[in-house]
Amino acid sequence: MASKDQKQGGGFFSSIASTLSNIGSAMHKSVNGLLGYEGLEVINPEGGKEDAEEEAQKGRWKQEERDSYWKMMHKYIGSDVTSMVTLPVLIFEPMTMLQKMAELMEYSHLLDQADECEDPYMRLVYASSWAISVYYAYQRTWKPFNPILGETYEMANHGGVTFIAEQVSHHPPMSAGHAENEHFTYDVTSKLKTKFLGNSLDIYPVGRAGRYEVDGYVYNSAEEPKILMTGKWNESMSYQPCDLEGEPLPGTELKEVWRVADVPENDKFQYTYFAHKINSFDTAPRKLLASDSRLRPDRYALEKGDLSKAGSEKSSLEERQRAEKRNREANGHQFTPRWFDITGEITPTPWDDLEVYQFNGKYTQHRAVADSSDNIDEVDVRSIEFNPWQYNDLTAK
C-alpha cells in the first residue's frame, strides 16, 4: 500500500501484486524470548522490552533444561541454522514451514469479498487488508520445523479453500504453495534464510517487511488518493474515502474492514485458534497424503510436550533424509517435486534471489479422484506412518 508522501514505482497495484506474490517478514527474534534465559537482551517488534521480558520469564521449560540447551547453542553462533545437522527441539514450535504458509489463509474471506466487490477501489481495500493480515501469523518467537524434502501439507474445510504446499528443495530450504477456491487463486514460493547470532536469531523469510502501524492510500490511475487506510497489523485495519489531499471526505466515517480474531489465553506456543486447526485433522482432506506435516512424529511429540521423543524423532528423520540424499547422488538421480514445477523465473529480493515454482495442476486431479471415490477405507489418519521419502528401500538402485 503506497503512502501519500512516498509512492513506489508502479503505484499501488504493483506494490500489492508484489506483496501477494512474496508474503513474508523480516523478524528479529531474541533468544531470551525463545529460551526464557536470563541476562540476554529481549527485542520485540515495537522496540520495547516490557512485554517480551514478561513472556521470557514465563518460559515453557524447566530452568535446568534452558541452561543445558543454552550451553549447546553456543557452538552455533554465527552459523546459518538452515544448513546445520540438527538444532534442539527446545526452540521449535510444533508446526512446519509448510503449515506456516497455510496460516496465510486465515482471513481468506477478505479475498472472497474482493472478488465479489464491484467497486475497484474497495477491491484493493479488501485485498490489501488480507495482505496486511498475514503478518500477524509471523510474529511468534518459536522456529517452525524445516520440512523434509518431499513433505507436504494439505488443508480443506476452511472457507472452501483447497491448499497444498510441498517442500521442493532442501538446500536451500524452499517451499511452494497453492490455494484456491471459487473466488481466487494464490501461489507462493518461500525461501528461508536464518542466522544465529548468540543473543538473537535473525529469520528472513523472503518477502516484504512490515511494522505494527500501517497507513496508506488507495490511488486511482492518475495517482490521486481515493481511500485512506490506517490501522495496526496486529489489531485491525480501517478505511475512509478521502479528497485529493488525502484528507477524509466530509460526511464520511472510518469503517473497520478487518480485525484480528480472538486468541486463546496463555497459549504456550502463542497459537491462534486457526493455528491449532492447522495442526488438527479437522482441516485434513479425505485420503490424506502420507507425506503430510501433521503426521511427523517429532512435531506430534513436541505438541504433546515430550521433548525427549521429539528430539530423537527429529534426529531420525534428518538421518533418513541424509541417507536419501546419499542414495540419490550415488545413483545419479534428481529429486522432482510432485505437485509443483520450477519455472526458471528468478525474482530478486532484498535478501536473495528467489527461484519461482508453479502449481502443475496434478494435485487438483488427485484430489478430484480421492473426493469422488466411493471406496474410501475407514483408516484412522493418526495411524498413517509419515512417508515423504523418494525411496521405500534405501538400497534401491
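**Entry 1: strand β2**

I began with a strand pair: β2 and strand β3 (residues 143–145) run parallel and are joined over two bridges. Strands here are DSSP E runs of at least two residues, helices are H or I runs of at least four, and both are numbered from the N terminus. Two strands count as paired if DSSP finds at least two bridges between them. I noted that the model is predicted, that local features need pLDDT of at least 70 and side-chain atom pairs pLDDT 80 or more, while totals for chains, interfaces and linings use all residues. Residues are numbered from 1 along each chain as its sequence is written, and side-chain values use heavy atoms, without hydrogens and water.

In β3, F145 is the residue opposite T96. I then checked how covered β2 (residues 92–96) is: five of its five residues are buried. Buried means under 20% relative accessible area, exposed over 50%, and partly exposed in between, with a 1.4 Å probe and protein chains only. F92, P94 and T96 point one way, E93 and M95 the other. In a regular strand the side chains alternate between the two faces of the sheet.

**Entry 2: R296**

Next I looked up R296, in the loop between α8 (273–279) and α9 (297–303). Is R296 buried or exposed? R296 is buried, with a relative accessible area of 2%. Leaving out residues up to four places away in sequence, R296 touches T96 and F145, among others; contact means heavy atoms within 4.5 Å. The side chains of R296 and E151 make a polar contact of 2.9 Å. A polar contact is a pair of N or O atoms within 3.5 Å; within protein, one must be able to donate a hydrogen and the other to accept it, and residues adjacent in sequence count only if both atoms are side-chain atoms.

**Entry 3: helix α7 and the core**

I turned to the largest nonpolar core, which has 48 residues; W130 and F163 are among those with the most contacts inside it. Such a core is a set of buried Ala, Val, Leu, Ile, Met, Phe, Trp, Tyr and Cys residues joined through side-chain atoms within 4.5 Å. Helix α7 (residues 120–133) gives the largest share, seven residues.

Of the 14 residues of α7, 11 are buried, so the helix is largely enclosed by the rest of the structure. At its N-terminal end I found D119 as a cap, with a side-chain oxygen 2.8 Å from the backbone nitrogen of Y121. Helix α6 (residues 109–116) has L110, L111, D112 and A114 buried, and the buried residues of α6 pack against α7 and β12 (255–259).
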